[in-house]
Amino acid sequence: MRTLLFSAALAVAAVSNSAWAQTPIAKPISDWFDTQGQDLFGIYCNLHQNPELSWDESATADLMADHWRREGFDVTAQVGIKGVVGILRNGDGPTLMLRCDMDALPVTELTQLDYASTKDVSLPSGVSAGVMHACGHDIHMTNMIAVAKYMATHRQDWSGTLMVIAQPAEEKGEGARAMIDDGLFTNFPKPDFAVALHVSGDTPAGQVGVLAGFTQANVDSVDIDVKGRGGHGAAPETTIDPIVQAADLVMSLQTIASREIKPSAPVVITVGAIAGGTKHNIIGDSCHLQLTVRTYGDEVRKQVLAAITRKANAVAESYGAPSPELLFSQGTPSLENNAELAGRLREVFKDAIGEQNVLVSEPSMGGEDFSRYGREGVPILMYKLGSVTQSRLDRFAELEVPPPSLHSGHYYPDFEPTMRTAVVTMTAAALHLLKK
Ligand SMILES: [Zn+2]
Ligand SMILES: [Zn+2]
């Protein structure tokens, strides 16, 4: 059945990729891919059917280490608890780091593919859920096994040091920090460049998206404890109602983005949770708000967080209430693709898969901890990898429904054209950055 699926996917891909598979850059890699595709599909299915949650990626890390060791990489496991680092030295030249992430999500798979994940997990909250590679990290890992193998078996074509890393806990925004803190750039060579890709659920397979500058946001969480004075619901004059105050604050927060920050700087302030009170006729003592705050630049971030504090205090004062308590937790910093690296690799990708297949991708207000390698002073590029065939995207358009987003139980990449594009573009990037 796997063979059948793969062949069917191959037929689709033969149409979409025939044009670019023949360019001088793509052809040797694409021809090599033809000899490896079946094995890679097996590796992919294995990863897909055995997903592991953040910080639980033991079998996945072993699998990555085994593959890289087999190709002659000097492999170190348990860097940042579950992370894996592979080094292949091949003469003089720069060091290039390629990164993939290993963790899956507590999402029940609904794709009905014959290789769908059937794994379940009981979460710390007691809720049970399925486990699924709903963010496509299994594609990222399979690609990195392929690219490492190509580079190891074509050493005559490049010179320098190739560093491959498999990172844990991306979905928690913690894995990159853990690997860096565990000596990623001190016990191993500090790279001259770092490149990663991420699947996209609404970009056609066979295409990639590149964007210089900010592509992912600063992620901050804010907890606000709005304080009041409780009492009888029928005697509001004896109380300071924290719920009315909280409602006022929720609306007031929305004017930060619209009135205080310049329109060209995107800001999101979402109050995702609000909790207060126990019963119809009781005015409680407090109300708790949980916010996610997204920004790009560090200056705007500071300005927005200061404005949230000011608004919370001002609303409290206007009600004669005690000052609120605010707790700020910084998540992942914003991801800024190095402009020069983005420019260079955009040209490489155009030469490899054709100008029409290299899109300018849209920035997102999501978070990605690949950004942390950039914050350590390494020029980074994360590009988008199309993962859904144009014909399948067309069907969604006809039905007037958006294609399933990443993290949806319905999301799945079309393996063959997606993987071929990943392997060709990332290998082409590596050969370019490590050219003799
Ligand atoms: Zn994700
Ligand atoms: Zn992801």
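Predicted model: local features only at pLDDT ≥ 70, side-chain atom pairs only at ≥ 80, totals over all residues.

Q: What is the handedness of the crossing of α6 and α7?
A: The crossing of these two helices, α6 and α7, is right-handed.

Q: Which residues of α6 meet α7?
A: On the α6 side they are Q245, D248, L249, S252, L253, T255, I256 and E260. They meet Q303, V304, A307, I308, R310, K311, A312, V315 and A316 in α7.

Q: How do the residues of the contact of α6 with α7 divide?
A: There are 9 nonpolar, 4 polar and 4 charged residues in the contact of α6 with α7.

Q: Now α3 and α4, please. At what angle do they pack?
A: Helix α3 (residues 58-70) and α4 pack at about 15°, and their axes are 10 Å apart. The two helices, α3 and α4, are therefore roughly parallel to each other, as angles under 35 degrees count as roughly parallel. In passing α4, α3 makes a right-handed crossing.

Q: Which residues in α3 and α4 meet?
A: From α3 there are T60, L63, M64, H67 and W68, and these meet M141, M144, I145 and A148 in α4. The residues of this contact of α3 with α4 comprise 7 nonpolar, 2 polar and no charged.

Q: Let us change topic to the metal. What are the protein donors of the zinc ion (ligand 2)?
A: The zinc ion (ligand 2) has C135 (SG), H137 (NE2) and H198 (NE2) as its protein donors, at 2.1 to 2.4 Å. The spacing of these donor residues in sequence is C-x1-H-x60-H.

Q: Where in the chain do C135 and H198 sit?
A: C135 is in the loop between β5 (128-130) and α4 (137-153), while H198 is in strand β7 (residues 193-204). The pair is 63 residues apart and links distant parts of the chain.

Q: Buried or exposed, for C135 and H198?
A: C135 is buried, and H198 is buried as well.

Q: How far apart are the zinc ion (ligand 2) and the zinc ion (ligand 1)?
A: They are 3.2 Å apart, and C135 coordinates both the zinc ion (ligand 2) and the zinc ion (ligand 1).

Q: Moving on, where does E109 lie?
A: E109 lies in the loop between β3 (95-101) and β4 (120-122).

Q: Why is E109 counted as buried?
A: E109 counts as buried because its relative accessible area is 10%, and buried means under 20%.

Q: What is E109 in contact with, leaving aside its neighbours within four places in sequence?
A: E109 is then in contact with H48, A116, S117, M132 and G409. As for E299, which is 190 residues from E109 along the chain, the C-alpha atoms of the two are separated by 40 Å.

Q: One backbone point. What is phi of W55, and of H407?
A: Phi of W55 is near 70°, a positive value in a residue other than glycine. For H407, also a residue other than glycine, phi is positive and near 80°.

Q: And where are W55 and H407 found?
A: W55 lies in the loop between α2 (26-49) and α3, and H407 is in the loop between α10 (390-399) and α11 (415-433).

Q: Why does W55 count as partly exposed?
A: W55 counts as partly exposed because its relative accessibility is 24%. H407 is partly exposed too, with a relative accessible area of 39%.

Methods:
Residues numbered from 1 in each chain as written. Chains lettered and ligands numbered in written order. Heavy atoms only, no water. Donors = N, O, S within 2.8 Å, 3.2 Å for Na, K, Ca; no water. Helix = DSSP H or I, 4+ residues; strand = E, 2+ residues; numbered from the N terminus. Buried < 20%, exposed > 50% of the residue type's maximum accessible area, 1.4 Å probe, protein only. Axes fitted to C-alpha atoms, helices over the stretch in contact; angles between N-to-C directions. Parallel < 35°, antiparallel > 145°, perpendicular 65-115°, else oblique. Left-handed = near helix turned anticlockwise from the far one by under 90°. Contact = heavy atoms within 4.5 Å. Nonpolar A, V, L, I, M, F, W, Y, C, P; charged D, E, K, R; others polar.
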